[in-house]
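Subject: Structure for you to look at

Hello,

Here is the structure I said I would pass on. My notes on it follow below.

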Amino acid sequence: MKRARIERWGSQLLQSRPQGTRPQCLYQQPQHPQPHNHRPQWHWQAVRAQSTTSTPLSSPSRRPPPASHAPRIPRESLPSPPLSAARSSAKLSALHARLSLPSRLPLETLARALIDPSADPNPDLNNASLALLGQDLLGYYTAEHLLAHYPRLPQTVLYAAQYAYVGGKTLAAVTREWGVEAAAEPGGEVDPGLLQFKRVKPGTDISGAAAGETIGPDGVNRSQWRLGMGMRNVSGDEFGDINASGLDAAAGVTLEDASKTFVRALVGAVYLHCGQLSTKRFYASHFLSRQLDLSTLFAFRTPTRDLSRLCAREGFEAPVARLLSETGRLSRHPVFVVGVYSGPDKLGEGAGASLDEARTRAAAAALKSWYLYSPEEVTVPSEAEGKGDQGKRWVPCMVDCGEVIA
Amino acid sequence: MRRLPRFQQSIDLLLESTGYPHAPSTICRTCRLRAASQARRAAFSTSAPRNEGSLANRLKNRLFKKKDAPGTGNLAYGVTQPQAPEVEVEDSVPGEEAPREYANQYEPASKWDNLEWVGGKKSKKDRTDTREEIQWFMPRTKATKPNDIAAAVRRALVEVLALQEAGIGFEALRLPTVSIDDLAADVQYQVSGTGQDVRLRYPNDEVKSEILESVVLSVPQAAEVDDAASFLQFQRASAVVHEPAVASRKTLLWKEVPLDPANKFAIIKRVMQLTGIRLADPKIQRCDTAGKLFHELLQRPQPTKLADALKIDNELTSLNNVTFSSRRVGPIDKERQVGRWKVIERELESRGLPVTMS
């Protein structure tokens, strides 16, 4: 399996920022084309907040102007709290300690992860770039965990499990569990420990956007299309969804979207500041630790036929359903226990109120036991990353030929 | 009728301590003090001065309706009482000379602006225009470093004890003098067997002369010193070669030097002048050694607010998830912290409603 060198992603984000355009004086600032109260003089601070090294950002001749040189701006006029307010926020420190974040992650970066692009459109001050990195990391870690530990999962179940681990609703629930409170309105005077985003106005229809009402790059509205698995695999995101959020960030976002962006940004910030090991530890303690019963994600239409196809594909004997036990056949509530056998091997067992239901349940159980097979020792690709002794020895994972398509 | 004795007022104690130098020595001390206190009390009296003479003369004038009334005795005293001498104190008391001089120049203020105003920007500007410098009793900045405070205590000890040994009054100590911190560090303190008499032991004569010259810097000019005897005493003290250390005397550290009531207040006053730290009376009462005085000077004043008191405790200030507010966190502050207050303000202003009741 080809390794994904994600250690370069963060450095690409940092290197893409031009270093030579750092202003020296507030009065020398070019006016931002957008009519918004940006703070481009803090550009260098944002770079510093993302840096994982302690090297000075600039030479002494390029120090920022003294405070007396810059005019005082009322905090209410700022779109988001300044970075200097992060150190004095008790909520932010409490959140940092509550999440057991590494000490290398500064409070300023944590404060930046709480600023949604709808609150501050300045990409140097909001969490858009961090969230992009965090989204890829969460998808990567979850996908490799699911694929390596459950190599026979059907693609739809894989998408559902992916969403159950790191989907939008899950991340919003995680945000609530972390105790992150949301600000009523973003602004510079707001406590940096609050999640800041511009709320969507009441009455706005967000169902269309959530359902994938998106016009593609070719100008075709695919919202009414029935998406096949092939298209979901090619064009979809880590959850198989093609839609992006149809809401404009300037018009506001929902609390769920803002929470999702925050968690992703926090993961990205942890990766940038603390490295992959800390990120994986953080991911395991906050996301993989969540209990998810994968067997509940399956939905079979014709399990008996799927099981027959599967046995035929794998070279097993054709499945045979046998009645194992029954009770109350002539009563109002009979119970039949049926086992599905492939030759002498029992593939599954199910109980139902009728013989047919019990046979279907037994076939579904046999399919689940096949699809939920998990190898005993697994080495995920991210564990093998790293130089020297840091990475484990790579053991190839099992790759299944795929699900049975009826 | 026998005159009822009057209780002494507190101001009399102050007046009596100053003495009355110009009265003839043939008058007894009680009469001199009474006359001096009666004369000087006028300086603290708010009533207009009356030029009718003594009480006896006023009684005579009231009884006989004319000033050349018969009788020369003092009616204030009985027949059996000795005659109280008439002391001409009014012309010789300096405290009453000034009011008489100013009486002619005094013009009552008819408007508010004509009153003399002390304090404020206008008064400061007037004093700046007239180049009248205010002599502060203490520096306006307080010393905070323990080394500076310790140096000030040592310096005050050396200065006051040097003046005491020279027999010069403590009034010679002025605020702007030459610093003798280096010299004071070399001086040793020796106490007698009783533990009360503390004397300085200088390493050599030059140190002693330098210390004395710096302490009474104004004495050699003799312009600001009233008593010429102080100058003579200073010259005599400077000329005396320091005595060799007596074996019976015990050398003390500067923190062990006892503060004798004779010079305790002079030392503390000098320390206040040097450090700018004012000591309350109960603290002064507790200071019986220079070390305790130093300890009291190091004590920071009690905070006036709970937030300041909590900030002193390092246990709470070291916690990042704890913040202190110097005032009550009200509903507006809470709304501002979550960003809702600006929305409330905007909506209230758009409806023409007052934002707050004030």
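**A buried glutamine in chain A**

Gln196(A) is buried, and its relative accessible area is 1%. Please keep in mind throughout that this is a predicted model. Gln196(A) sits in the loop that runs between helix H7 (168-177) and helix H8 (207-210) of chain A. What does Gln196(A) contact, leaving aside its neighbours within four places in sequence? The list includes Ser80(A) and Pro81(A), then Leu114(A), Ile115(A), Asp116(A) and Ala119(A). Ala183(A), Pro186(A), Gly187(A), Val190(A) and Asp191(A) are also in contact with Gln196(A). Buried means under 20% relative accessible area, so Gln196(A), with 1%, falls in that class.

**Chain A as a whole**

Chain A has 406 residues, and 45% of them count as buried. Its secondary structure consists of twelve helices and three strands. The accessible surface of chain A is about 21,600 Å², with 53% of that belonging to carbon and sulfur atoms. Among the contacts in chain A with a separation of 6 or more, 66% are between residues 24 or more positions apart.

**The strands of chain A**

The pairing of the strands can be followed from S1 through S2 to S3. Strand S1 (residues 319-327) of chain A pairs with S2(A) in the antiparallel sense, over eight bridges. In this pairing, Pro319(A) stands opposite Ser342(A). S2(A) also pairs with strand S3 (residues 345-352) of chain A, again in the antiparallel sense, over seven bridges. Here Val338(A) is opposite Gly350(A). The hairpin of S2(A) and S3(A) has two residues between the strands, and Gly343(A) takes a positive phi near 70° in it.

Why is strand S2 (residues 335-342) of chain A described as largely enclosed by the rest of the structure? Seven of its eight residues are buried, so the description follows from that count.

**Other places in chain A**

Ser93(A) is one to look at next, as it touches both chains: its contacts are Leu107(A), Asn320(B) and Asn321(B), not counting residues up to four places away in sequence. Ser93(A) belongs to helix H3 (residues 90-98) of chain A. Is Ser93(A) buried or exposed? Its relative accessible area is 7%, so Ser93(A) is buried. A polar atom of the Ser93(A) side chain lies 3.2 Å from the backbone oxygen of Ser89(A). The side chain of Ser93(A) also reaches across to chain B, where the backbone oxygen of Asn320(B) is at 3.5 Å.

Ser100(A) lies in the loop between H3 and helix H4 (107-113) of chain A. Its relative accessibility is 60%, so Ser100(A) counts as exposed. The phi of Ser100(A) is near 55°, a positive value in a residue other than glycine.

Glu314(A) is in helix H11 (residues 303-314) of chain A. With 27% relative accessibility, Glu314(A) counts as partly exposed. Leaving aside neighbours within four places in sequence, Glu314(A) is in contact with Trp370(A) and Cys401(A).

**Chain B**

Chain B has 358 residues, of which buried residues make up 27%. There are 16 helices and three strands in this chain. The accessible surface of chain B comes to about 25,700 Å², and carbon and sulfur atoms account for 53% of it. Residues 24 or more positions apart make up 62% of the chain B contacts with a separation of 6 or more.

In chain B, strand S1 (residues 188-191) has two pairings to look at. Four bridges join S1(B) to strand S2 (residues 198-201), and these two strands run antiparallel. Gln188(B) stands opposite Arg201(B) in that pairing. S1(B) also pairs with strand S3 (residues 250-252) of chain B, in the antiparallel sense and over three bridges. In this case Val191(B) is opposite Lys250(B).

Which residues form a nonpolar patch on the surface? They are Trp112(B), Leu115(B) and Trp117(B), and together they have about 410 Å² of accessible area. Trp117(B) lies in the loop between helix H4 (94-105) and helix H5 (120-129) of chain B. The relative accessible area of Trp117(B) is 51%, so this residue is exposed. The cut-off for exposed is over 50%.

Regards

Notes
Residues are numbered from 1 along each chain as its sequence is written. Chains are lettered from A and ligands numbered from 1 in the order in which they are written. This is a predicted model: local features need pLDDT of at least 70, side-chain atom pairs count only at pLDDT 80 or more; totals for chains, interfaces and linings use all residues. Side-chain values use heavy atoms; hydrogens and water are left out. Buried means under 20% relative accessible area, exposed over 50%, partly exposed in between (1.4 Å probe, protein chains only). A polar contact is a pair of N or O atoms within 3.5 Å; within protein, one must be able to donate a hydrogen and the other to accept it, and residues adjacent in sequence count only if both atoms are side-chain atoms. Contact means heavy atoms within 4.5 Å. Patches are made of residues with over 30% relative accessible area and no salt bridge: like charges are joined within 9 Å, nonpolar side chains (Val, Leu, Ile, Met, Phe, Trp, Tyr) within 5 Å. Accessible areas come from the Shrake-Rupley method with a 1.4 Å probe; for residues, only the protein chains shown count as cover. A salt bridge is a side-chain nitrogen of Lys or Arg within 4 Å of a carboxyl oxygen of Asp or Glu. Two strands pair if DSSP finds at least two bridges between them.
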